[in-house]
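Please open the structure in a viewer and keep the selection tool at hand.

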Amino acid sequence: MAAGKIISVSELSVEIMLNDVSVKNRDILYTTQDNGDIRRFEVIEIDGGTAVAIPFESVYGLKKGMEVEKEEKGLSMEYSDNILGRVFDSYGKLIDDTNIEYKHEKSVYRKPLELSEVKNNGEILWTGIKVLDFFAPMQKGFKMGLLGGAGVGKTVVIKELINNVYKGFGSNSVFVGVGERSREGKELYDELKSGDLLDKICMVFGQMGDNSMSRSKAVFSGLTAAEYLRDEKKQDVLLFIDNIYRFVQASSEIYADMKRMPIENGYPSNLETLISEVEERINSTPNGSITSFQAIYIPSDDITDEAVQAITQHLDGQVVLSRKVAERGIYPAVDVFNTRSSMIDIEKVGERHYRLVGEVLRYMDRYEELEEIIAVLGIEELSLEDKLIFYRSRKLRNYFTQPMFVAEQFTGMEGKYVKIEDVLNDVEDILSGKYDDTDESKFFMIGSLS
């Protein structure tokens with residue numbers, strides 16, 4: 001017996017008149033076209049005897065009167081060692097010309113861990129990227145956001161984190177591409193393959209050209225893969241999401257098509273619930289952890305955007321990439337004043353690291369003020385103390401630039417990995433005046449001073 005028939009088709013959704021068949025939210029329905037193609041869609045809302053569903057692909061070819069059937073299971077993702085070295089689409093289908101002979105799939109939707117199951121005390125996770133390790137260190141089980149507008153380097157930093165942390169982590173990882181360029185995904189795939197790292201990572205893509213349904217489901221399939229590695233393999237997993245804002249954007253498109261009343265900037269009224277459903281699944285247990293790095297696009301460079309704020313409230317730290325910093329040629333283009341981490345605490349990183357961060361921020365803050373004074377009066381009007389702060393701050397600013405391994409082919413500079421001990425020593429030496437007679441250009445795009 002058919003589950004129902006299509007009674008209307010809009011740009012992103014279809015409305016189905018249901019028969020006497022039990023159908024609930026997130027069930028999968030499908031219809032078979034005249035040419036034999038099967039078109040699937042997921043139920044998102046039920047109102048009496050009708051259901052609103054979102055097609056997996058476009059609505060092209062769907063029309064009124066087409067009968068729909070119900071699948072036995074909902075949206076599922078492979079839940080076995082077969083995820084490693086493979087590339088999946090948002091719906092758990094392989095897109096890398098490989099196949100899995102014996103599938104073991106699991107629903108991409110599951111409840112978050114109970115509070116009693118969560119463990120938050122992991123060891124510190126150093127990245128080898130100076131500006132991140134110094135201003136925003138993280139630990140296993142952290143949720144770290146990488147915030148920035150278009151073209152400021154979020155994806156480059158994500159790739160460098162994969163290169164540095166993933167290589168030294170000795171565990172498996174999951175990369176989720178949500179609404180980003182397919183070209184960048186292919187480049188990442190080729191880089192991992194050439195570096196013999198592909199067999200340790202699972203990749204899931206909902207690409208920029210895909211419809212809203214695809215872009216909104218990629219993160220759930222990626223989470224399911226990460227949970228398998230944490231819960232069944234008992235591993236410490238790295239989860240990379242590029243870009244979590246695109247998940248919100250795709251969901252907004254779906255709810256707009258359903259004529260749901262939005263809040264400001266067109267976001268759905270259940271924005272907080274949508275984000276919580278994702279973020280609350282990224283947690284650690286006594287047996288394993290999920291450490292996530294989430295790129296977050298900032299629309300119109302407005303960090304107070306409602307969706308950005310809703311995401312960041314779940315994070316343990318954030319690294320903000322600034323267009324103003326990038327325009328100065330400083331890469332990674334980190335805004336140190338808006339970058340933070342809950343690890344910057346005396347009891348967690350130690351008194352020395354904590355003190356140096358405070359001192360560097362004091363120098364940088366005064367430097368911003370001195371730039372305005374110099375623009376009006378000239379540098380000769382500064383006191384000796386202010387001159388030292390000014391020149392040492394410029395050296396510190398240059399010091400926190402760094403050649404990236406993943407950008408070697410574009411910059412011609414060899415990538416550098418810098419240990420935190422070297423960073424602390426170098427910063428201390430710059431602040432103490434050891435390098436007062438060294439030209440500031442010597443500090444630009446280097447590794448450690450030692």
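A crossing of two helices is called left-handed if the near helix is turned anticlockwise from the far one by less than a right angle, and right-handed if clockwise. The model on display is a predicted one.

**First stop: α10 and α13**

Select α10 (351-377) together with helix α13 (residues 420-432). The crossing of this pair, α10 and α13, is left-handed. For the contact itself, display R352, H353, R355, L356, E359, V360 and Y363 on the α10 side, and I420, L424, N425, V427, E428 and L431 on the α13 side. The axes of α10 and α13 lie 11 Å apart, and the packing angle is about 45°.

**Second stop: α13 alone**

How far apart are the end C-alpha atoms of α13? They are separated by 18 Å, which agrees with the 18 Å that 13 residues should span at 1.5 Å a residue.

Next, colour I420, V423, L424, D426, V427, I430 and L431, which are buried in α13. These residues cover an arc of only 165° around the axis, which puts them on the same side of α13. Just after α13, select G433, which takes a positive phi of about 100°.

Move to helix α5 (residues 244-257) and pick A250 within it. Is A250 buried or exposed? A250 has a relative accessible area of 0%, and is therefore buried, since the cut-off for that class is under 20%. Beyond neighbours within four places in sequence, A250 is in contact with S212, R215 and S216. For a distance check, select I7: its C-alpha atom is 24 Å from that of A250, and the two residues are 243 residues apart along the chain.

Finally, select helix α2 (residues 154-169) and helix α3 (residues 182-194), whose axes come within 12 Å and cross at roughly 20°. α2 and α3 are therefore roughly parallel to each other. In this pair, α2 passes α3 in a right-handed crossing. Display T155, K159, I162 and Y166 in α2, which meet E184, E187, L188, E191 and L192 in α3.

Methods: Residues numbered from 1 in each chain as written. Predicted model: local features only at pLDDT ≥ 70, side-chain atom pairs only at ≥ 80, totals over all residues. Heavy atoms only, no water. Helix = DSSP H or I, 4+ residues; strand = E, 2+ residues; numbered from the N terminus. Expected span 1.5 Å × (residues − 1). Buried < 20%, exposed > 50% of the residue type's maximum accessible area, 1.4 Å probe, protein only. Arc of directions from axis to C-beta. Contact = heavy atoms within 4.5 Å. Axes fitted to C-alpha atoms, helices over the stretch in contact; angles between N-to-C directions. Parallel < 35°, antiparallel > 145°, perpendicular 65-115°, else oblique.
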